[in-house]
Amino acid sequence: MLSRKLSDALNEQILAEMWSSNLYLSMSIHFAQLGMDGCAHWLKKQSQEELEHAYEMIDYSIKRGGQVKLDQINVVPTAFGTPLEVFEHVYQHEVHVSELIDRLVAIAHEEKDNATQDFLWGFVREQVEEEATAKNIVEKLKMYGEHHVAIMDHQLGKR
């Protein structure tokens, strides 16, 4: 059974994952409106993945007797800058999400909840990949320069 503290923390993370999904969807829309279909596709997939994380956490919490409570999801930005600026934002956001997941693992450890720690380690490992992928995109955009962003757009469309 999940402790109240851990159940509340998981609820916060569920909302954070849903907010992340909306953020990436908003970025996807931004790129779609610019005709950058590859970037739009990549970010839409990222949006779907974040929502799947929320679903996994909901299912886990229910299995462990947690009290899932969905609350209001804050508004996400709708205006973005250059492709480089957008993907720098993606990278910074993934670093932030990693910090949130690390906080959850720490709470599960404090609560001596080994099952939840085990569940969360999958997200810890995934965040390593998410950060590396976003950082790689940023580095390539810097290397290619704004004049060659179409190359990156094409590559991201293959996801």
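Tutor: Start with Ala-150, which lies in helix 5 (residues 149-156). Helices are DSSP runs of H or I with at least four residues, numbered from the N terminus. This is a predicted model, where local features need pLDDT of at least 70, side-chain atom pairs count only at pLDDT 80 or more, and totals for chains, interfaces and linings use all residues. Residues are numbered from 1 along each chain as its sequence is written, and side-chain values use heavy atoms, with hydrogens and water left out.

Ala-150 is exposed, at a relative accessible area of 56%. Exposed means over 50%, buried under 20%, and partly exposed in between (1.4 Å probe, protein chains only). Along the chain, Ala-150 and Gly-38 are 112 residues apart, yet their C-alpha atoms are separated by 8.8 Å.

Now the packing. Helix 2 (residues 37-63) and helix 4 (residues 114-144) pack at about 170°, with axes 12 Å apart. That makes the pair of helix 2 and helix 4 roughly antiparallel, a label for angles over 145 degrees. The axes are lines fitted to C-alpha atoms over the stretch in contact, and angles run from 0 to 180 degrees between N-to-C directions. Helix 2 contributes residues including Trp-42, His-53 and Tyr-60 to the contact; among those from helix 4 are Phe-119, Phe-123 and Ile-137. Contact means heavy atoms within 4.5 Å. The contact residues divide into seven nonpolar, four polar and four charged. Ala, Val, Leu, Ile, Met, Phe, Trp, Tyr, Cys and Pro count as nonpolar, Asp, Glu, Lys and Arg as charged, and the others, Gly among them, as polar.

Next, the charge pairs. The structure holds four salt bridges. Each needs a side-chain nitrogen of Lys or Arg within 4 Å of a carboxyl oxygen of Asp or Glu.

One joins Asp-8 and Arg-4, at 3.7 Å, N to O. Both sit in helix 1 (residues 4-33), four residues apart, about one turn of the helix. Asp-8 is partly exposed, at 33%.

Another joins Arg-103 and Glu-12, with the closest N and O atoms 3.2 Å apart. Arg-103 lies in helix 3 (residues 83-110) and Glu-12 in helix 1, so this pair ties together parts 91 residues apart in sequence. Arg-103 is partly exposed, at 36%. Glu-12 is also partly exposed, at 48%.

Asp-113 and Arg-64 form a further salt bridge, at 3.0 Å, N to O. Asp-113 is in the loop between helix 3 and helix 4, and Arg-64 in the loop between helix 2 and helix 3, 49 residues apart. Both Asp-113 and Arg-64 are buried.

Key:
Helices (H or I, at least four residues) and strands (E, at least two) are DSSP runs, numbered from the N terminus. Angles under 35 degrees count as roughly parallel, over 145 as roughly antiparallel, 65 to 115 as roughly perpendicular and the rest as oblique.
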